[in-house]
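Let's take a friendly walk through this model, starting with a sheet and ending with a domain contact.

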Number of protein chains: 2
Amino acid sequence: MQNYSNPPIDQWESILKRPTVTFDDIESTVIEVFNAVNLTGDQALKNFTLQYDGVTINNLAVSSAEFNEAEALIDEGLKKAIDVAYDNIYKFHLAQQTSKVVVQTTKGVECWQEKRPIQKIGLYIPGGSAPLFSTILMLAIPAQIAGCQEIVLCTPPNKEAKVHPAVLYAAKRCGVQQLFKVGGIQAIAAMTYGTESISKVYKIFGPGNQFVTLAKQYATKLGVAIDMPAGPSELLIVGDHTAHPAFVASDLLSQAEHGPDSQVILVSTDKALLDAVESELKLQIKELPRKEIAKKAIANSKMIYFDSKEIAAQCIDQYGPEHYIICSEDEAFYIDHIHNAGSVFIGNYTPESAGDYASGTNHTLPTNGYTKQYSGVNLDSFLKQMTFQKITKEGIKNIGPAIQLMAHEEGLQAHKNAVSLRLKSIDK
Amino acid sequence: MQNYSNPPIDQWESILKRPTVTFDDIESTVIEVFNAVNLTGDQALKNFTLQYDGVTINNLAVSSAEFNEAEALIDEGLKKAIDVAYDNIYKFHLAQQTSKVVVQTTKGVECWQEKRPIQKIGLYIPGGSAPLFSTILMLAIPAQIAGCQEIVLCTPPNKEAKVHPAVLYAAKRCGVQQLFKVGGIQAIAAMTYGTESISKVYKIFGPGNQFVTLAKQYATKLGVAIDMPAGPSELLIVGDHTAHPAFVASDLLSQAEHGPDSQVILVSTDKALLDAVESELKLQIKELPRKEIAKKAIANSKMIYFDSKEIAAQCIDQYGPEHYIICSEDEAFYIDHIHNAGSVFIGNYTPESAGDYASGTNHTLPTNGYTKQYSGVNLDSFLKQMTFQKITKEGIKNIGPAIQLMAHEEGLQAHKNAVSLRLKSIDK
């Protein structure tokens with residue numbers, strides 16, 4: 001890891017610079033795939049699946065026989081593990097429900113706010129070597145709690161034209177019935193336009209590679225919403241002498257194994273911790289199946305020593321990490337001083353992987369500094385807030401004159417007139 | 001207005017088609033302005049203000065002398081009107097505060113969710129003939145309640161290099177101190193990149209013309225969030241024999257005066273209402289200063305008769321209006337059957353202009369069908385949700401085995417190892 005000691009504030013930005021991703025060279029591919037899917041629907045999806053995934057797909061939809069087969073293939077231990085995760089995620093997201101907000105703002109003027117579900121949503125789950133069935137739990141559970149009517153899930157098929165059984169099992173466990181064997185740009189295009197098999201949705205959720213990321217961005221131009229802008233995953237740990245070096249190293253590595261562009265940062269007010277973690281990293285990395293990936297990420301990662309916890313906290317908040325682990329005797333201080341983070345893990349026994357799978361919090365989080373303005377996925381991501389107002393004759397008499405004056409000042413006479421007519425009819 | 005009677009469902013989409021806006025021809029202008037502002041900051045802002053607004057600006061920031069001068073220019077009646085609106089908007093948005101969500105998902109696993117303010121936000125307020133000071137209330141009041149640290153407001157200067165006093169008064173009333181005389185694309189660019197005078201912000205709010213709309217879209221590519229995608233304003237009224245034709249006509253006109261591309265729709269289960277409203281429109285439109293604009297909008301607007309309220313409600317929900325007025329003896333039915341609307345106005349004494357100014361609800365609402373997936377601006381628009389978790393030794397013993405199994409199945413051994421190390425250390 002690269003080492004820094006008390007870097008001055010004007011260097012923080014360059015030290016903590018995130019990898020920049022440029023998409024310009026694939027934009028034309030995205031547009032081409034979208035146009036084809038818009039034009040020929042399912043046929044285009046099958047063509048692109050053959051072209052990009054090298055697989056011939058006859059039926060895009062996963063059949064109920066395939067769902068059942070998958071269930072039989074999953075061992076009971078994994079089913080129980082998924083149950084544990086399911087229950088915790090369910091509890092935490094259910095608790096996020098809020099009640100209707102009702103306020104009589106002025107006598108005779110009742111206003112209220114209600115949340116209603118987004119009716120049609122799409123989930124994208126990447127395929128490849130690691131079947132991210134945990135992401136299905138993170139997206140489909142809050143969607144179910146929100147009451148979304150229609151949930152469509154797209155995921156690329158493997159070389160045998162199948163979907164990993166854990167993905168099918170998790171989807172079924174979450175009540176997702178519409179699962180389609182299609183990935184990449186074409187999956188996002190299908191959920192944006194709709195095809196013969198796949199419904200057009202209003203909002204698309206889920207992670208993906210740069211093609212999927214750009215396709216989601218493109219979909220927003222066509223009237224679809226997306227969960228959030230995506231970027232490489234990142235972890236920042238702050239530790240002092242109470243942090244456990246082996247645990248810290250294991251957390252850094254669990255971030256590093258995601259990809260060579262993962263961002264891994266350790267901030268400490270204790271120099272000895274930095275040295276101990278460095279040694280632990282060397283030991284632990286050897287054992288990892290994905291050690292080549294992890295080594296690349298670790299080589300780009302940073303260790304930063306600060307004398308002062310105040311300055312450390314300021315630097316961390318400026319970075320705004322997606323995942324933030326606090327292992328410090330001053331944990332309350334660091335909790336109070338973080339305004340920009342996705343999910344925060346507190347104490348030596350709270351690894352990031354707990355939040356990735358089973359503590360109950362969501363693992364779909366803002367990266368790339370987007371913690372400054374975006375929430376991670378939560379129950380509200382699947383709901384919209386609508387407002388209502390009902391005004392009585394007395395109410396319009398109370399606020400009508402203010403509306404008339406303001407509308408007049410803004411030069412909107414018809415707005416004023418809508419009130420004047422009502423006030424006149426009441427005074428008659 | 002154009003008339004339809006019981007149109008079949010397959011015609012609804014074309015009848016209710018919104019105007020399509022294409023931006024391709026101005027994208028190069030947007031990019032050019034952004035690049036110049038990025039390169040030369042304030043100087044570029046002054047150059048573009050001279051070029052586009054025809055005004056020479058020496059100091060971009062509004063001075064405290066100018067704020068005071070404005071306050072003296074506003075008459076007491078308007079100040080009181082703004083106070084009425086301020087109080088109602090404040091009450092309604094304050095009531096939207098929620099408390100921390102804390103759940104022990106498993107013994108030893110405590111998860112919580114907290115909302116923290118977006119620290120830096122930017123507000124854009126259009127200039128021109130109608131100074132939209134009401135929009136300042138709608139954006140700055142919830143920003144203050146949320147606790148946003150820094151609020152920057154940009155608005156174009158008039159020909160005398162001044163800002164309309166009502167805009168300055170409303171801004172000061174809401175505690176906005178940083179107000180800059182810059183409009184259009186260059187204002188959005190300034191808040192995106194930051195300049196010598198204007199702070200870079202994390203999220204930009206506010207309405208604007210097609211240049212501002214496209215500039216906001218472009219800003220999202222550069223890491224800034226925006227309130228929502230924009231489109232022409234729209235109103236749908238559903239009425240029956242209990243609706244008051246003159247009131248309905250006045251509401252349709254208050255929408256129509258916004259612009260020739262405003263969408264105005266009247267749905268009714270009572271044919272007599274449609275005829276009566278048509279006559280009222282002809283009478284009322286004559287008196288409007290903006291009648292030429294209103295006439296164009298009304299010529300494109302629709303009246304739709306349905307025999308059945310069930311089918312009427314289905315058609316309305318498919319359209320998903322920004323503003324939705326219900327004047328019907330079956331108001332509860334229509335409230336229950338709307339899933340997609342921005343703000344709903346119920347009863348004969350609840351004109352849309354009440355929500356535009358002073359009932360307390362927000363007037364920054366999704367248009368163009370975006371009610372299907374976006375909320376209107378509300379308190380949460382200025383906050384982010386963050387999650388926290390703290391796990392004890394007992395907690396990680398409870399959920400650790402599930403994490404290990406799931407991480408293993410996803411092929412992420414370092415994720416598993418972060419748990420295994422901790423479990424081993426506990427068992428020692």
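Chain A holds an open sheet of five strands in the order 6-5-4-7-8, with parallel pairing. Strands are DSSP runs (E, at least two residues) numbered from the N terminus, and two of them pair if DSSP finds at least two bridges between them. Strand 6 (178-181) and strand 8 (225-226) of chain A are the edge strands, each pairing on one side only. Strand 7 (residues 203-205) of chain A pairs with strand 8 of chain A in the parallel sense over two bridges, and A:Lys203 stands opposite A:Ala225 in strand 8 of chain A.

This is a predicted model, in which local features need pLDDT of at least 70 and side-chain atom pairs count only at pLDDT 80 or more, while totals for chains, interfaces and linings use all residues. Residues are numbered from 1 along each chain as its sequence is written, chains are lettered from A and ligands numbered from 1 in the order in which they are written, and side-chain values use heavy atoms, leaving out hydrogens and water.

Now for the domains, whose bounds come from an automatic or database domain assignment:

| Domain of chain A | Residues |
|---|---|
| domain 1 | 2-20 + 232-360 |
| domain 2 | 23-229 |
| domain 3 | 392-427 |

The C-alpha centres of domain 1 and domain 2 of chain A lie 31 Å apart. Between them, these two domains of chain A bury about 530 Å², 55% of it on carbon and sulfur atoms; buried area is the accessible area (1.4 Å probe) that two parts lose on being put together, summed over both. In domain 1 of chain A, A:Tyr357, A:Ala358 and A:Gly360 lose the most area to domain 2 of chain A, together 75% of what that side buries.

Technical notes:
Helix = DSSP H or I, 4+ residues; strand = E, 2+ residues; numbered from the N terminus.
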